[in-house]
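Hi everyone, thanks for making time this morning. Let me put the sequence and the model up on the screen, and then I'll walk you through it.

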Amino acid sequence: MMKQVVTFGEIMMRLSPPLNYRIPQASSLEITYGGGDANVGAALVHLGMPAAHVGCFPDNAVGHAAAQAFQSHGVDMSHCVFQGERLGLYFLEVGASLRASRIVYDRYNSAFANLQPEWFNWDEILKNAQWLHWTGITPAISVSAAQATREAIQAARRLGIMVSADVNYRRNLWQYGQKAQDVMPELVAGCDMVVCTEGDANDLFGIKADEGADNSFVSMSEKLIERFPQIKQVIATKRKTQSASHERIKGMAYVEGAYHQTHYFDINPVVDRIGGGDSFISGYIYGQLHYPTVEEALTFATAASALKHTIHGDVNLVTAAEVEHIMAGNTTGRLLR
């Protein structure tokens, strides 16, 4: 039986006006659920891999609905804790053309922010795991969430499990008295693979690409790996945003001293870009475990992310066969019968 990919982080309720309405126009809001880490697990299940998510939800109807939403995707939610009173919310106003999408967060004092690290027995949680994934959002939420992340990584290292992170620096989230620059280095030091842009490397670790470098991503990646020798792979996407409705993305990877990149995938129109990065990560994890080369894994990941931009909600509802169809160059969207 294939071992699980385990993700850890907060799941929130997403509230959006229908169509492309602005919030002041809305008389109703559509409910979906999502979270950067959990989205990775759910996407992997749709690709055909087992995944489990670990989190904390309020012990009320809303908290159970959020957990059940991911359970309905096939994610193992048996290690989640139900304590507290509040589920974090975010409001998404979907833009179009020249008007950008906007997000308003309402997540203060959520059940996840108030979790206790001792609620999670990581040796038990990870006993059937082959991979642990977390994002920089999780340790940004609270002292206790950062400590739980630290303990999860330590357990994964003891058990010889792959660890990946999307460092995902969100400056406005770090409100509990500790700086990301003081917390994140220790956590990232325990990772085998990270998703990190040049901007995040500079903001979090003070790492800058060499001036005049032929490839700034390679220069940054080399310095990141020198600082954190456990890291073996650095990946990222590069966007060329044409408008709120039109994106072009490519994948980049620096692995064992070699740089890899995909061609640009053109996405027009964009239906929903939330979760695009999570889909890239899930695609790369899948690709690493199913393809013999970095090039194939990276192309699969970028094609998966491109497809996510065409799907409403946080989760990438695509199969591996559908991603491979795009990898093969079938990008016309021709009707399949």
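Let me start with a term: by contact I mean heavy atoms within 4.5 Å. Among contacts in the chain between residues at least 6 apart in sequence, 68% join residues at least 24 apart.

A word on the ground rules. This is a predicted model, where local features need pLDDT of at least 70 and side-chain atom pairs count only at pLDDT 80 or more, while totals for chains, interfaces and linings use all residues. Residues are numbered from 1 along each chain as its sequence is written, and side-chain values use heavy atoms, with hydrogens and water left out.

Now the overall picture. The chain has 11 helices and 15 strands; these are DSSP runs, helices being H or I with at least four residues and strands E with at least two, numbered from the N terminus. For 337 residues, a compact globule would have a radius of gyration near 20 Å, and the chain agrees with that at 19 Å. That radius is taken over C-alpha atoms, and the globule rule is 2.2 Å times the number of residues to the power 0.38. The C-alpha trace spans about 50 × 50 × 45 Å along its principal axes. Of the 337 residues, 54% are buried, where buried means under 20% relative accessible area, exposed over 50%, and partly exposed in between, with a 1.4 Å probe and protein chains only.

On to charges. I count Lys and Arg as positive and Asp and Glu as negative, leaving out His and the chain ends. How many salt bridges does the structure hold? There are 15, a salt bridge being a side-chain nitrogen of Lys or Arg within 4 Å of a carboxyl oxygen of Asp or Glu.

Please look at Asp-314 and Arg-14, whose side chains form one at 2.8 Å, N to O. Asp-314 sits in the loop between helix H10 (294-308) and helix H11 (320-327), and Arg-14 in strand E2 (residues 12-16), so this pair ties together parts 300 residues apart in sequence. Both Asp-314 and Arg-14 are buried. Asp-272 joins Arg-14 and Asp-314 in a network of salt bridges.

Next, Glu-93, which meets Arg-22 in a salt bridge of 2.9 Å, N to O. Glu-93 is in strand E7 (residues 89-93) and Arg-22 in the loop between E2 and strand E3 (30-34), so parts 71 residues apart in sequence are tied together. Glu-93 also has a salt bridge to Arg-99, at 3.9 Å, N to O. Is Glu-93 buried or exposed? Glu-93 is buried, because its relative accessible area is 5%. Arg-22 counts as partly exposed at 35%, and Arg-99 is partly exposed at 24%.

For a contrast, take Asp-200, in helix H7 (residues 198-205). Asp-200 is buried yet has no salt bridge, and the nearest side chain of opposite charge, Arg-171, is 7.9 Å away. Beyond its neighbours within four places in sequence, Asp-200 contacts Val-167, Asn-168, Tyr-169 and Phe-205.

Last stop, Val-5, in strand E1 (residues 4-8). Val-5 is buried, because its relative accessible area is 0%. Leaving out residues up to four places away in sequence, Val-5 touches Leu-44, Met-49, Pro-50, Ala-51, Ala-52, Trp-131 and Ile-285.
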